[in-house]
Amino acid sequence: MIYYDFHIHSALSPCGDNDMTPNNIVGMAKVTGLDAVAVTDHNTVGNVRAAMKVGEEYDVTVIPGMEVETEEEVHILTLYPTIEAAEYAAAEVYKKLPDIKNKPEIFGEQRIMDEEDNIIGYEDKLLLSATSLSIESLFDLVKTAGGLFAPAHVDRHSYSILTNLGFMPDNIDIRYIEISKLVEDTGAYMESRPELKKYKILRDSDAHYLPDISPKEACLDFDDIRDLFKG
Ligand SMILES: [Zn+2]
Ligand SMILES: [Zn+2]
């Protein structure tokens, strides 16, 4: 089994703690016993290459990822088979981010780091904004990149597809949804939402602070991992 946490913010997300460095994230995952993590900052993959290099050292698989905010203010967890695919999608997402400058004193710093946790730059554009990509156009972009499109924290009352749309769109082929850690009993939650039964579930931390990274709980088997990026 592969123990995972596929939704973790680094210090590049303005809301991510400055302790969320590539080494701290991957090191914490190692200590916790996770086999695979994804660094999924808001609308960027700027710290993913560094985290992947650290992952090689620690023998923790780092899957390239990004949490994208659509124009409907819905958060979508996106994962990619390669860093190149992730960077392709991120470049398109960046173009669709409004040109608003970050105010670090209000929103937090947006630190770009290398594999030794050195700060090699700051992202100037505020990453914590809705892009002008609709849910459908983001879906197309992620598919073109060969990635996985999973509506994030569908149980939450903000930035979730069920809250903002009120339903799961059936014009796009959504295979996975993410349920947040706020839901303690996934089985009972799924019973209460029969319309979600057809989806596969990911359970992630959405950690913005190191101690919030998932414990060794949620797991997938090897077939599930292969299935993530299938078609
Ligand atoms: Zn979110
Ligand atoms: Zn998040």
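Start by selecting Val 62. Skipping neighbours within four places in sequence, Val 62 is in contact with Val 26, Val 37, Ala 38, Val 39, Ala 51, Met 52 and Gly 55; contact here means C-beta atoms, placed from the backbone, within 7 Å. This is a predicted model, where local features need pLDDT of at least 70, side-chain atom pairs count only at pLDDT 80 or more, and totals for chains, interfaces and linings use all residues. Residues are numbered from 1 along each chain as its sequence is written, while chains are lettered from A and ligands numbered from 1 in the order in which they are written.

Next, show the strands. Six of them form an open, mixed sheet in the order E7-E4-E3-E2-E1-E10. Strands (E, at least two residues) and helices (H or I, at least four) are DSSP runs numbered from the N terminus, and two strands pair if DSSP finds at least two bridges between them. E7 (148-151) and E10 (219-220) are the edges: each has a single partner strand, so one side of each lacks a neighbour in the sheet. Helix H1 (residues 22-32) packs on the sheet, touching E1 (2-8), E2 (36-39) and E3, with its direction at about 155° to that of E2. Helix H2 (residues 48-58) lies across E2 and E3, running at about 160° to E3. These angles run from 0 to 180 degrees between N-to-C directions, with axes fitted to C-alpha atoms, for helices over the stretch in contact.

Zoom in on E3 (residues 61-69) and E4 (residues 75-79): they run antiparallel, joined by five bridges. Gly 65 has Leu 79 in E4 as its bridge partner.

Last stop: helix H5 (residues 135-144). Which of its residues are buried? Ile 135, Leu 138, Phe 139 and Val 142. They sit on the same side of H5 because they cover an arc of only 105° around the axis, taken from the directions from the helix axis to the C-beta atoms. Glu 136 and Thr 144, on the other side of H5, are exposed. The cover over the buried residues of H5 includes E3, E4, helix H3 (83-95) and E7.

Notes: Contact = placed C-beta atoms within 7 Å. Buried ≥ 20, exposed ≤ 12 C-beta atoms within 10 Å, placed from the backbone.
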